[in-house]
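Here is a walk through one protein model, from a single side chain out to the whole fold. Keep the structure open while you read.

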Amino acid sequence: EQTPKIRTYLLALESSSDHVDSLVPSSPVEEADIKNINALKDKGVEVIPVAQNSHYLLADFINSFSIQDKDLALLVPLKKQLVWLKLGNTKIGDSSLSFIGQCKELTQLQLDRTRISNKGLPSLQSLHKLQSLNLVGTAVTAQGVLSLKNLKQLKHLYLYQTGVEVKDWPMLASNFSKTQLDSGGYTVSFIAADTVVVKVGK
C-alpha cells in the first residue's frame, strides 16, 4: 500500500529532478481547502502534493471508474494549486474539458485513451503554462491539435494512435516548432545477442 508520503517519493522518481522542477511553479501558493480535496477523494481521485513542502497538487483519476464529465467541476476550486492532472483511461468526453480549461496552473495533462475529440480541444487554449499534453489513443486529428498552437510553453505533445495522419506531421511540426511531437510506435532493433540457444547435453 502506498501512503501519501511514499507516493510523493515515487512520483519524484518518475523523471529527472530537473524535469520535475520545471513542471512545478516556483512561486508559492496557499494551501488548498481540505473540503475541496476530500470532495475529489470521495470520487476515488488520488490528490497529493507534487513535492515535499509544496501546496501544489497532482490529481490522479486512476481509481475513479465511474467518473463523469460533470464531476470534473470538482477540480475548479483547486485551480490555483493543481499543476498535474492524470485522466488517462477514463470515460470523460469533450464537455469535461471546459472545467479543465479553468485550471490555468496546469503544467502536465494526461488525457490518453479518453473520449475527447477535436470539439473539446479549444477549451484547453487557456492553459498557457502547459508543458506536457498526452492525447494518445484519442479521436483528435491534426486540425483539432492545431487549435493549441498558441500554447507557447508546450514542450511535449503525445499523439500516438490518434487521428493524426502521416501527411499531417510536417504541418504540425511547422506550427509546433518548439514542441517535441511524439508519434509513438517505437521498435527495438533485434541483435543476435538477444537470443540464447540452450543445447541439452547427451
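Which backbone nitrogen lies 3.0 Å from a polar atom of the side chain of Asp-60? The backbone nitrogen of Ile-62 does. This is a predicted model, and local features are reported only where pLDDT is at least 70. Side-chain atom pairs, such as those used for contacts of this kind, count only at pLDDT 80 or more.

Stay with Asp-60 for a moment. It is found in strand S2. Is Asp-60 buried or exposed? Its relative accessibility is 7%, so it counts as buried; the cut-off for buried is under 20%. Leu-40 lies 20 residues away along the chain from Asp-60, and the two C-alpha atoms are separated by 9.9 Å.

Now widen the view to S2 itself, residues 57-60. In a regular strand the side chains alternate between the two faces of the sheet. Both faces of S2 are covered. Leu-57 and Ala-59 are buried on one side. Leu-58 and Asp-60 are buried on the other.

S2 has strands to pair with. Four bridges join S1 to S2, and these two run antiparallel. One of the links is between Pro-49 and Leu-57, its bridge partner in S2. The loop between S1 and S2 holds Asn-53. Asn-53 has a positive phi of about 60°, although it is not a glycine. With 85% relative accessibility, Asn-53 counts as exposed.

S2 also pairs with S3, in the parallel sense, over four bridges. Here Ala-59 stands opposite Leu-85 in S3. How many of the five residues of S3 are buried? Five of the five are, so strand S3 (residues 82-86) is largely enclosed by the rest of the structure.

Next comes S4, residues 108-110. S3 and S4 pair in the parallel sense over three bridges. Trp-84 has Gln-108 in S4 as its bridge partner. Gln-108 has 15% relative accessibility, so it counts as buried. Leaving aside residues up to four places away in sequence, Gln-108 touches Leu-23, Val-83, Trp-84, Leu-85, Leu-130 and Ser-132.

The pairings belong to a larger arrangement. Seven strands form an open sheet in the order S1-S2-S3-S4-S5-S6-S7, and the pairing is mixed. Which strands stand at the edges? They are S1 (46-49) and S7 (180-182). Each has a single partner strand, so one side of each is left without a neighbour in the sheet. Neighbouring strands of this sheet are turned by 15° against each other on average, direction ignored.

Turn to the nonpolar packing. The largest nonpolar core has 41 residues. Which of them touch the most other members? They are Phe-61, Leu-75, Leu-85, Ile-100, Leu-111 and Leu-135. Helix H3 (34-41), S2, S3, helix H4 (97-100) and helix H5 (142-145) each supply at least two residues of this core. A second, separate core of nine residues includes Leu-23, Val-24, Tyr-56 and Leu-58.

Beyond residues up to four places away in sequence, it touches Leu-58, Ala-59, Phe-61, Leu-75, Ile-100, Leu-106, Gln-108, Leu-109 and Gln-110.

One more loop deserves a stop. Gln-161 is found between strand S6 (156-158) and helix H6 (169-175). Gln-161 has a positive phi of about 55°, and it is not a glycine. Its relative accessible area is 47%, so Gln-161 is partly exposed.

Finally, step back to the whole chain. The protein has six helices and seven strands. Read along the sequence, they follow the pattern α-α-α-β-β-β-α-β-β-α-β-α-β. Buried residues make up 42% of the 202 residues. Of the contacts with a separation of 6 or more, 57% come from residues 24 or more positions apart. The protein exposes about 11,700 Å², and carbon and sulfur atoms supply 52% of that area.

Conventions: Residues numbered from 1 in each chain as written. Heavy atoms only, no water. Buried < 20%, exposed > 50% of the residue type's maximum accessible area, 1.4 Å probe, protein only. Pairing = 2+ DSSP bridges. Core = buried A, V, L, I, M, F, W, Y, C linked by side-chain atoms within 4.5 Å. Contact = heavy atoms within 4.5 Å. Axes fitted to C-alpha atoms, helices over the stretch in contact; angles between N-to-C directions. Areas by Shrake-Rupley, 256 points an atom, 1.4 Å probe, with all protein chains shown as cover. Polar contact = N/O pair within 3.5 Å; in protein donor to acceptor, adjacent residues only side chain to side chain.
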